[in-house]
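Here is a friendly walk through one model, meant to be read with the coordinates open beside you.

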Amino acid sequence: MADGKPWFYTIRKHRKKSIAAALFAGWLMSYGANKEYMIRRELCHEAKAFGDKTLPSLRKPRRLTLVFNPASGSGSAETLLKKNAEPILHIAGLDVTIVKTDYEGQIKTLMQYIDPKTDGIIVAGGDGTLLEVVTGLLRRSDQEEISKIPIGVIPLGAHNSLCNRIFANKDATEARRIGNATLGIVKGYVKPIDVMEIKGGEGRSTFAMSKLHWGAFRDANEKEDKFWIVGPFRRKLSYLVAAVKDWPPFIDTILSYPTTSTEVSSDSQQGVMPHGFATTNCESLNQAPQRYLDDEKSCDTISDGWITNPIQTFGLSVEPFRTEDYLTTDGFLRVDVWPSDLSKTEFIQSGWKMEKEEKQQKFQMTDSPRCKSLKLKQLKLEPKDEKTSWFSIDGEPFEARAITITLLPNKLQVFFNPHKILES
């Protein structure tokens, strides 16, 4: 202001400007609410077309079980479900049984009692809820039969990785994202999807559909909520803080994979490496700094058909991946490994770039020249650090222990909506 007074002083002291500002703010709120209403109305009209169809005399409506986690999405899941998904399911004439969970881990138990004759399972929640559903189903003794039941996902969580992959709803509104996913269930389109089986030395397997993440990048992501005061810049600040504290934050592990697994594809792609891709100096894993993942002084060992690499890294991730159409190409486990000689600047820039790609929902192969990738069907990880570290498996924390990860191609069927994938 010319007189040095702040803008809110002017609004407070001038009634006309205050009224105009209030009217403008009210218009913005009503516009947003009306837009959401019109989207819901459009989706309900589309669902009504299915509800109006006459079924054959002896055919019953499709019977679905909806598993709902009310704690998803910071507690807003129940409101979102009732406003954006339930009307579509009921207008379409589906017979839906809603099961509301009370505590973490309950879903795995409930999945033991799902009727194999149900026409579909709907998961209303985020990545963690989906992880529990899939793990509970595939731990059953009749998993071969139960895995044929289609699974629908209604994105109500803070992280909805699988739903984002299926629908690519990068710029869609909340009502549109939830509505598109629900319409996919109504229309009944299904496609196969790969699953990762993660098995430890003790206990039963965990089954994941999105990603296993481990290391410094994962730890920085997990700590971003501590910096809530900076709003949308909290993850950027988290990487800055991580570059100052406990540097360098690399981890030691032994990575093993079958000798035949590197021949999943004959394509030559940047970042995809053959056998001796990730090795430390053979002297000691505890020596620092570690040098580069491609070190010619490879200490790979081959025994019983397995290649074993002791590595030191800033972090790694494992996820199911397909480069082309899922009907014509084989899936594989994409293993991305970062070297341990990243500078602080490289670490921060790489973390910020991954955040940007996550928001843009880019799922292509990593193009960073510093990050090396493998295409495998199976691998083993054996942490060698003395201090406790954590895996993130589909966004859920698990203590890092020796594990075997196996790709289960086309293990499950999921609902999707091909006509709504790119709408926003």
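A cavity here is a set of points, on a 1 Å grid over the protein atoms alone, where a 1.4 Å probe fits but cannot get out; lining residues have an atom within 4 Å of a point. Grid points are joined across faces, edges and corners, and a volume is the space filled by probe spheres set on the points.

Before using these terms, note that this is a predicted model: local features need pLDDT of at least 70, side-chain atom pairs count only at pLDDT 80 or more, and totals for chains, interfaces and linings use all residues. Residues are numbered from 1 along each chain as its sequence is written, and side-chain values use heavy atoms, with hydrogens and water left out.

**The cavity**

How many cavities of 30 Å³ or more does a search of the whole structure find? The search finds one, and the largest cavity holds about 30 Å³ of space. Its lining is made up of Gly 125, Gly 126, Asp 127, Leu 130, Val 153, Asn 160, Leu 162 and Cys 163. Helices and strands are DSSP runs (H or I, at least four residues, for helices; E, at least two, for strands), numbered from the N terminus. Helix H6 and helix H8 (161-167) each give at least two residues to this lining. By class, four lining residues are nonpolar, three polar and one charged, where Ala, Val, Leu, Ile, Met, Phe, Trp, Tyr, Cys and Pro count as nonpolar, Asp, Glu, Lys and Arg as charged, and the others, Gly among them, as polar.

**Helix H6**

The expected span of a helix is 1.5 Å times one less than its number of residues. For the twelve residues of H6 (residues 127-138) that gives 16 Å, and the end C-alpha atoms are 16 Å apart, which agrees. Buried means under 20% relative accessible area, exposed over 50%, and partly exposed in between (1.4 Å probe, protein chains only). Twelve of the twelve residues of H6 are buried, so the helix is largely enclosed by the rest of the structure.

Contact means heavy atoms within 4.5 Å. Leaving aside neighbours within four places in sequence, Thr 129 is in contact with Asn 69, Ser 72, Ile 107, Val 123 and Ala 124. With residues up to four places away likewise not counted, Thr 135 touches Lys 108, Ser 205, Thr 206 and Phe 207.

**Single residues**

The table gives accessibility for a few residues.

| Residue | Relative accessible area | Class |
|---|---|---|
| Thr 129 | 4% | buried |
| Thr 135 | 0% | buried |
| Asp 394 | 5% | buried |
| Asn 410 | 38% | partly exposed |
| Ile 302 | 59% | exposed |

Ile 302 sits in strand E9 (residues 301-303). Apart from neighbours within four places in sequence, Ile 302 is in contact with Thr 259 and Ile 307. Between Ile 302 and Ser 256 there are 9.3 Å in space, C-alpha to C-alpha, and 46 residues in sequence.

Most residues other than glycine have a negative phi. Asp 394, not a glycine, has a positive phi of about 50°; its place is the loop between strand E15 (390-393) and strand E16 (396-399). Asn 410 also has a positive phi of about 50° without being a glycine, and lies in strand E17 (residues 403-415).

**Cysteines**

How many disulfides are there? With a disulfide taken as a pair of cysteine sulfur atoms within 2.5 Å, the count is zero. Cys 44 is buried at 18% relative accessible area, and Cys 371 is buried at 1%.

Terms used. On a 1 Å grid over the protein atoms alone, a cavity is a set of points where a 1.4 Å probe fits but cannot get out, and a pocket is an open set with protein on both sides within 12 Å along at least five of seven lines; lining residues have an atom within 4 Å of a point.
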